Amino acid sequence: MRFLVSALFLLVISSYAAAYDPLDPNGNITIRWDIMSWTPDGYVATVTVNNFQMYRHILSPGWTLGWIWAKKEVIWSAVGAQATEQGDCSKFKGNIPHCCKRNPTVVDLLPGVPYNQQYQNCCKGGVVGAWGQDPSASVSAFQLSVGMAGTTNKTVKLPRNFTLLGPGPGYTCSKAKVVPPTIFLSPDRRRKTQALMTWNVTCTYSQLLASKYPSCCVSLSSFYNETIVPCPSCSCGCQNKNSCVKRDSKLLSMVGVNTPKKDNAPLLQCTHHMCPVRIHWHVKVNYKEYWRVKVSVTNFNYRMNYTLWTLVIQHPNLNNVTQVFSFDYKPLVPYESKNDTGMFYGLKYFNDQLMEAGPFGNVQSEILLKKDINTFTFKEGWALPRKVYFNGDECQMPPPDAYPFLPNSSHQNLLSFSALVSTFIFLMIAIW
């Protein structure tokens with residue numbers, strides 16, 4: 001009995017730990033239901049999906065929201081979203097509900113739907129931006145008219161067993177909780193109104209629940225060592241090894257090869273790491289008061305391009321970034337005592353989209369950092385990143401004993417040797 005209790009306790013603790021992100025401790029997706037008016041047999045509610053995650057967004061094909069009704073509720077109509085199945089509505093005469101399922105599944109509408117089907121912050125195909133990257137794009141909303149439900153705050157029953165796909169698994173949602181009604185301001189901001197009733201559902205992400213393997217890996221190099229440290233073999237699992245294609249395959253010239261599949265199955269370029277995305281960190285140049293790094297992101301998936309991608313890097317010298325040349329940059333400071341994490345993302349209309357695998361499937365930038373004479377060193381891999389995340393998922397790093405080491409005599413002529421070796425290494429990467 002004692003063993004069973006201990007096992008259950010460890011399971012609960014591990015599930016909470018899996019959903020905790022130390023670089024974004026307060027990140028979550030909050031689903032807010034606001035009852036705006038009562039109807040003869042129910043209510044009209046605005047449902048808002050707020051992504052409060054700093055660097056994790058919901059990619060195409062977008063979010064899918066599900067729940068179980070507490071009673072025998074039906075959805076009479078939906079604006080800005082739709083239920084994926086109508087269910088059995090045979091008992092209704094005359095007006096037929098939009099959805100009669102006890103466990104409805106709702107998705108966002110696609111861009112370009114008729115105006116009378118649109119709702120504020122809807123119709124983006126379920127794509128929701130990261131709050132830290134673009135707060136205005138981190139919201140999605142729709143309206144539901146719910147029937148056969150309560151018509152007062154006391155008789156309304158909260159839905160239960162909420163699920164969220166974003167677009168795949170990984171999110172765990174809390175129970176619905178009644179909160180103080182949402183306050184709304186009029187367009188002229190001179191009058192306040194409020195919802196008749198509000199409840200929230202909080203969903204948190206776990207990479208362990210989303211996938212058994214990482215979705216990206218990191219390779220390393222430096223000007224002071226000619227060794228290029230590759231991603232570890234099978235970093236992202238080798239389950240796609242039998243279906244991968246070589247980069248010179250005739251299959252890639254076929255029409256439709258880049259079209260995504262309904263099940264989002266990847267078509268990966270054959271590599272030893274078998275990751276959809278690789279991040280390469282190259283220590284490029286050493287100056288007297290500064291040092292320079294080049295970061296490259298390469299896509300190896302022929303069926304996926306990444307719109308509004310994000311890259312998060314943890315390194316102690318990110319507390320003193322002087323210039324980022326081809327990416328946007330925002331420091332992430334989850335803890336006031338530490339400033340060692342930064343978020344990088346593409347410049348709008350320039351490189352904010354990482355194209356599918358091929359000649360255009362990469363983005364890169366250089367970063368200039370100012371040295372802190374008390375901490376700066378090239379020894380023992382100090383110049384290499386501690387953690388790297390792409391689109392919110394942590395990437396597989398090489399083992400520390402494989403890091404490019406600093407030769408004993410190299411500190412005497414680092415500056416003169418750096419440019420030559422940097423050029424050689426990136427020529428090797430280009431053909432690698």
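This is a short tour of a predicted model, stop by stop.

**Whole chain**

Start with everything shown. The protein has 432 residues, and buried residues make up 46% of them. Its secondary structure comes to three helices and 26 strands. Now think about how the chain folds back on itself. Among contacts between residues at least 6 apart in sequence, 73% join residues at least 24 apart.

**Confidence**

Colour by pLDDT. The mean is 89, and 90% of the residues reach 70 or more. Then select residues 409-417. Here too pLDDT stays under 50, but the model has nine contacts beyond four places in sequence for this stretch.

**An open sheet**

Next, select β5, β6, β3 and β8. These four strands form an open sheet, in the order β5-β6-β3-β8, with antiparallel pairing. Which strands stand at the edges? They are β5 (81-83) and β8 (160-165). Each has a single partner strand, so one side of each is left without a neighbour in the sheet. Turn the view to follow the twist, which averages 20° from one strand to the next.

Zoom in on the β5 end. β5 pairs with β6 (residues 105-108) in the antiparallel sense, over three bridges.

Move to I31, in strand β1 (residues 29-39). Is I31 buried or exposed? Its relative accessibility is 0%, so I31 counts as buried. Show what surrounds the residue. Beyond its neighbours within four places in sequence, I31 is in contact with V47, T48, L65, W199, N200, V201 and C203. Pick T48 from that set and draw a distance. I31 and T48 are 17 residues apart in sequence, yet their C-alpha atoms are 5.7 Å apart in space.

**An aromatic cluster**

Together with W199, they form one aromatic cluster.

The structure holds 22 aromatic pairs. Look at two of them. First, show W309 and F327. Their ring centres are 5.0 Å apart and their planes lie at 75°, so the pair is edge-to-face; the cut-off for that label is over 60 degrees. W309 sits in the loop between β18 (306-307) and β19 (310-314), and F327 in strand β21 (residues 327-332), so the pair ties together parts that are 18 residues apart in sequence. W309 has 0% relative accessibility and so counts as buried. F327, at 4%, counts as buried as well.

Now stay on β21 and show Y329 with F344. These ring centres are 5.1 Å apart, with planes at 40°, so this pair is tilted. Y329 lies in β21 and F344 in strand β22 (residues 341-346), so the pair ties together parts 15 residues apart in sequence. How exposed are the two partners? Y329 has 25% relative accessibility, so Y329 counts as partly exposed. F344 is buried, with a relative accessible area of 1%.

Definitions and conventions
Residues numbered from 1 in each chain as written. Predicted model: local features only at pLDDT ≥ 70, side-chain atom pairs only at ≥ 80, totals over all residues. Heavy atoms only, no water. Pairing = 2+ DSSP bridges. Helix = DSSP H or I, 4+ residues; strand = E, 2+ residues; numbered from the N terminus. Axes fitted to C-alpha atoms, helices over the stretch in contact; angles between N-to-C directions. Phe/Tyr/Trp six-rings, centres within 6.5 Å; stacked < 30°, edge-to-face > 60°. Buried < 20%, exposed > 50% of the residue type's maximum accessible area, 1.4 Å probe, protein only. Contact = heavy atoms within 4.5 Å. pLDDT = per-residue confidence, 0-100.
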